[in-house]
Amino acid sequence: MTGHPIKKTHLTDADYRRLAAFRHALRDFLAFSAAKAEAIGLAPQQHQALLAIKGHPDDTPPTIKSLAAQLMIRHNSAVELVHRLDDAGLIRRDEATEDRRLIQLSLTAKGEAALAALSAVHLAELRQRGPHLVEILQSLIAG
């Protein structure tokens, strides 16, 4: 196993219950999210990509490389995802003016509309679930 070594600590039954509750709450929200995306004809990863493009953290337009990093997927998987989004008319690919090898990504009007609809229902759902999620997180942090 690679990554960080696992530090052995004493966990109580309550710790396991809180961790299980947190994981369940995350999976439950992700299932909600997937169902909402699929209801408008998008795969969950396509919804995530639209959100990553629109919510790109810096002032430069997102690229396939930055999308792959944001979604934590391989570059070739991001290329295929971008191709499907472009074919669906949800995004636009443009060559960067400074470096024509870079492909910059932006949403089309259709992509903007799909993302706005999904984001509205997601925010409403998070506002409803938020207090419970915060409660679970606080119990985990407090120990």
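A residue is called buried when its relative accessible area is under 20%, exposed when that area is over 50%, and partly exposed in between, with a 1.4 Å probe and protein chains only; by this scale Glu 95, with a relative accessible area of 44%, is partly exposed. The structure is a predicted model, in which local features need pLDDT of at least 70 and side-chain atom pairs count only at pLDDT 80 or more, while totals for chains, interfaces and linings use all residues. Residues are numbered from 1 along each chain as its sequence is written, and side-chain values use heavy atoms, with hydrogens and water left out.

**Overall build**

- The protein has five helices and two strands, where helices (H or I, at least four residues) and strands (E, at least two) are DSSP runs numbered from the N terminus.
- Read from the N terminus on, these elements follow the order α-α-α-α-β-β-α.
- The radius of gyration of the protein is 19 Å, whereas a compact globule of 143 residues would have a value near 15 Å; the radius is taken over C-alpha atoms, and the globule rule is 2.2 Å times the number of residues to the power 0.38.
- Along the principal axes of the protein, the C-alpha trace spans about 55 × 35 × 25 Å.

**Surface, burial and contacts**

- Of the 143 residues of the protein, 29% count as buried.
- The accessible surface comes to about 9900 Å², and 58% of this surface belongs to carbon and sulfur atoms; such areas come from the Shrake-Rupley method with a 1.4 Å probe, and for residues only the protein chains shown count as cover.
- Among the contacts with a separation of 6 or more, 51% are accounted for by residues 24 or more positions apart, a contact meaning heavy atoms within 4.5 Å.

**Charges and salt bridges**

- The protein has 18 positive and 16 negative charges, and their mean positions are 6 Å apart; Lys and Arg count as positive and Asp and Glu as negative, while His and the chain ends are not counted.
- The place of each charge is taken as NZ of Lys, CZ of Arg, CG of Asp or CD of Glu.
- There are eight salt bridges in the count, each being a side-chain nitrogen of Lys or Arg within 4 Å of a carboxyl oxygen of Asp or Glu.
- One of them joins Asp 86 to Arg 93 at 2.8 Å, N to O; Asp 86 is partly exposed at 27% relative accessible area, and Arg 93 is partly exposed too, at 33%.
- Another links Glu 95 with Arg 100, whose closest N and O atoms are 3.0 Å apart, and here Arg 100 is exposed, with a relative accessible area of 60%.
- Asp 99 and Arg 101 also form a salt bridge, with their closest N and O atoms 3.0 Å apart; Asp 99 is partly exposed at 23%, while Arg 101 is exposed at 73%.

**Residues in the helices**

- His 47 belongs to helix α2, which covers residues 44-54, and this residue counts as buried at 6% relative accessibility.
- Leaving aside residues up to four places away in sequence, His 47 touches Ser 33, Ala 37, Leu 115, Leu 118 and His 122.
- Ala 124 sits in helix α5, residues 109-142, and is partly exposed with a relative accessible area of 46%.
- Although Ala 124 and Leu 42 are 82 residues apart along the chain, their C-alpha atoms are separated by 19 Å.

- The phi angle of Met 72 is near 60 degrees, a positive value in a residue other than glycine.
- Ala 88 is located in the loop between α4 and β1 (91-95) and is partly exposed at 29% relative accessibility.
- Arg 92 is part of strand β1 and is partly exposed, with a relative accessible area of 40%.
- Arg 92 and Ser 106 are 14 residues apart in sequence, and their C-alpha atoms are 5.3 Å apart in space.
- Not counting residues up to four places away in sequence, Arg 92 touches Gln 104, Leu 105, Ser 106, Leu 107 and Thr 108.
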